[in-house]
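This report is a guided reading for someone who is new to the structure shown below. It goes from pairs of charged side chains to a whole chain and then to some details of the backbone.

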Amino acid sequence: MTLNEAQIQDLYAFTRNHYVEHYDLQTELVDHLANDIEGMWKENPKLSFEDAKQSAFKKFGIFGFMEAIEQRQKVMGKRYRNYFWRELKQWFRLPQILTTLGLFCLYYVTFSSSYVAVFAFSFYVLIGAWCIYKGIQLNRQFRRRKERSKKKWMLEEMIYKQAGAITLVFMSQLFNVFNITDKFVENIYHVLGLAVLFTLLTLCNYISFQLIPDKAEDLLNETYPEFCL
Amino acid sequence: MSNSKLYKGSLNTIILKLLNEQDKMYGYEITQKVKALTKGELNITEGALYPALHKLEAEGLLDVEVAKVDNRLRKYYKLTETGTKETANKLNELAEYIKTMQALVSPKLA
């Protein structure tokens, strides 16, 4: 006795109700539960689908699907970071390194002037505003994708919803731009350090808010080749 | 694993060893295979199996493929080239561990 289509869909809903939101993990767990239920039916054909389902779920232990979800998140987080580093490294190789150097020079020259505080504040606000704008735009795109496909992939959610999480932490540490004094330009290391930080901040934000989302389809196909997206 | 915490550290080795012999397997199949091989002595719990499989996949030791079976999708795991090499290393480590434990708990047999 095998499960029918309605029962399979019921298992998908069951995993969703137990906080498994992503299709890749849902599919694996649905097949597991289905196999277990069918195994139980071989021994006891009178067992109801509902009782068999609960019995199969209990075997996952007191934390249910949580351990599987957490491990999957770790795996996908690592994958996302790998894609991020792969992109970042490109900006330190030819030809992109020329843009990186240009950006650094722009920051260095402006931060060497006596208007350093004004420039630092302006760049900070400019980058912050662009990040907020892109964040809202990506969130909308993600909602539209989800409505279209009716499926959610863990990496897709990271690309669209968690873009900039790394740089938000980074930006929160740069709040000292509000306390820059006139003496700042007297120390060349301070100016160099600030120019490096702003260059990295710009690159990181551009990668996570623009480049990675632009390559979302390719990255999803690379991550989930088995599902042929 | 419900039977004993002693098996816990060997879960990855068990999975790799089974995949080394079976070409490709899916999660439920692994639990049933272990149960059958150990005559029910060892039960791999589902809560431990999937995190272990996903970790091995992330480490590049396992590759995955999805096939439609009956009316649902099934995810199969198989060893990568690195996974095959790592299986041999893990089995050697396990054999060494068993030898050491034997020397400790029953010196006459060692």
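Does K152(A) count as buried or exposed? The model is a predicted one, and in it K152(A) counts as buried because its relative accessibility is 12%, which is under the 20% that marks the limit for burial.

**Salt bridges**

The side chain of K152(A) forms a salt bridge with that of E21(A), with 2.6 Å from N to O. This pair links distant parts of the chain, 131 residues apart: K152(A) is in the loop between α6 (116-149) and α7 (154-161) of chain A, while E21(A) is in the loop between α1 (5-17) and α2 (23-43) of that chain. E21(A), for its part, counts as partly exposed because its relative accessibility is 42%.

Over all chains, a search of the whole structure finds 20 salt bridges, and the table sets out some of them.

| Lysine | Glutamate | N to O distance |
|---|---|---|
| K152(A) | E21(A) | 2.6 Å |
| K75(B) | E28(A) | 3.9 Å |
| K78(B) | E65(B) | 2.9 Å |

The salt bridge of K75(B) with E28(A) has 3.9 Å from N to O. K75(B) lies in strand β3 (residues 72-79) of chain B and E28(A) in helix α2 of chain A, so this pair joins two chains. Both K75(B) and E28(A) are buried. The two residues also take part in a network of salt bridges, in which D24(A), E28(A), R72(A), E57(B) and K75(B) are linked.

In chain B, the side chains of K78(B) and E65(B) meet in a salt bridge at 2.9 Å, N to O. Here too the pair links distant parts of the chain, with K78(B) in strand β3 and E65(B) in strand β2 (residues 62-69), 13 residues apart. K78(B) is partly exposed, because its relative accessible area is 25%, and E65(B) also counts as partly exposed, because its relative accessibility is 24%.

D36(A) lies in helix α2 of chain A. D36(A) counts as buried because its relative accessibility is 4%. When residues up to four places away in sequence are left out, D36(A) touches A56(A) and K59(A) in its own chain as well as Y28(B) and E46(B) in chain B.

**Chain A as a whole**

Which secondary structure elements does chain A contain, and how many of them are there? Chain A has 10 helices and zero strands, and its pattern, read along the sequence, is α-α-α-α-α-α-α-α-α-α. The radius of gyration of chain A is 25 Å, well over the 17 Å that the globule rule gives for 229 residues, so chain A is more spread out than a compact globule. The C-alpha trace of chain A spans about 85 × 35 × 25 Å along its principal axes.

Of the 229 residues in chain A, 45% are buried. Among the contacts in chain A with a separation of 6 or more, 72% come from residues 24 or more positions apart. Chain A exposes about 12600 Å², and carbon and sulfur atoms supply 60% of that area.

**Details of the backbone**

Most residues other than glycine have a negative phi, and most peptide bonds are trans.

A positive phi is found at Y19(A), where the angle is about 70° although the residue is not a glycine. Y19(A) is placed in the loop between α1 and α2 of chain A, and Y19(A) counts as exposed because its relative accessibility is 60%. In chain B, D23(B) has a phi near 70°, again a positive value in a residue other than glycine. D23(B) is found in the loop between α1 (11-22) and β1 (24-26) of chain B, and D23(B) is exposed because its relative accessible area is 54%.

Methods: Residues numbered from 1 in each chain as written. Chains lettered and ligands numbered in written order. Predicted model: local features only at pLDDT ≥ 70, side-chain atom pairs only at ≥ 80, totals over all residues. Heavy atoms only, no water. Salt bridge = Lys/Arg side-chain N within 4 Å of Asp/Glu carboxyl O. Helix = DSSP H or I, 4+ residues; strand = E, 2+ residues; numbered from the N terminus. Buried < 20%, exposed > 50% of the residue type's maximum accessible area, 1.4 Å probe, protein only. Rg over C-alpha atoms; globule rule 2.2 N^0.38 Å. Contact = heavy atoms within 4.5 Å. Areas by Shrake-Rupley, 256 points an atom, 1.4 Å probe, with all protein chains shown as cover.
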